[in-house]
Amino acid sequence: TLFFAKAVKRADKMVIAKERMYNYVVYTESASHGDINEKKMTNLTAWERVAELFSDNERIFHSAKGMYVQQCVAFLQRMQKKNPNNARYWNICRYGILKNIKSLMREEQLKNKVKGILVFVAPTLVCKMIRVCKKKV
């Protein structure tokens, strides 16, 4: 994430290609997948650094902060399923949502706003609701 942000920041121009340039492989032990641990929490740090990198561009700055919140929400959901007693990471994510609430409110998709607020206010309830809804689909 941070690597690509730095590359974009340095680029003079970018080209968008219609064809795929690579295949994405999900590595379950990457910072984005699997159990929440110290390694996974670096993903939050990366999004904070992306926001800092683009502090001169309000739209990208708030977009990066919004991604930080979305990552916190995803982490809270995963923790609720796998390790709900991990108070340290739980508190980091809840505080992350709270401190970036302004960027969350700038989010274009209403569902992301609502989910972020609900996960902050009642994470256990939201995670249970999501599980029930997924079972019905």
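The model is predicted, so local features require pLDDT of at least 70 and side-chain atom pairs count only at pLDDT 80 or more, while totals for chains, interfaces and linings use all residues. Residues are numbered from 1 along each chain as its sequence is written, and side-chain values use heavy atoms, with hydrogens and water left out.

The chain contains seven helices and zero strands, where helices (H or I, at least four residues) and strands (E, at least two) are DSSP runs numbered from the N terminus. Along the sequence this gives the pattern α-α-α-α-α-α-α. Of its 137 residues, 32% count as buried, that is, under 20% relative accessible area with a 1.4 Å probe and protein chains only, against over 50% for exposed and partly exposed in between. Among contacts (heavy atoms within 4.5 Å) with a separation of 6 or more, residues 24 or more positions apart account for 58%.

Helix H4 (residues 87-99) packs against helix H6 (residues 110-121) at an angle of about 135°, and their axes lie 10 Å apart. Axes here are lines fitted to C-alpha atoms, for helices over the stretch in contact, with angles from 0 to 180 degrees between N-to-C directions. H4 and H6 are therefore oblique to each other, the class left once angles under 35 degrees (roughly parallel), over 145 (roughly antiparallel) and 65 to 115 (roughly perpendicular) are set aside. The crossing of H4 past H6 is left-handed, meaning that the near helix is turned anticlockwise from the far one by less than a right angle. H4 contributes Arg94, Ile97 and Leu98 to the contact, and H6 contributes Gly116, Val119, Phe120 and Val121.

Trp90 belongs to helix H4 and is buried, with a relative accessible area of 13%. Its C-alpha atom is 6.5 Å from that of Leu76, 14 residues away along the chain. Tyr68, in helix H3 (residues 58-82), counts as buried at 4% relative accessibility. Leaving aside residues up to four places away in sequence, Tyr68 touches Leu44, Trp47, Glu48, Gly96, Lys99 and Asn100. Between Tyr68 and Ser103, 35 residues apart in sequence, the C-alpha to C-alpha distance is 9.5 Å.
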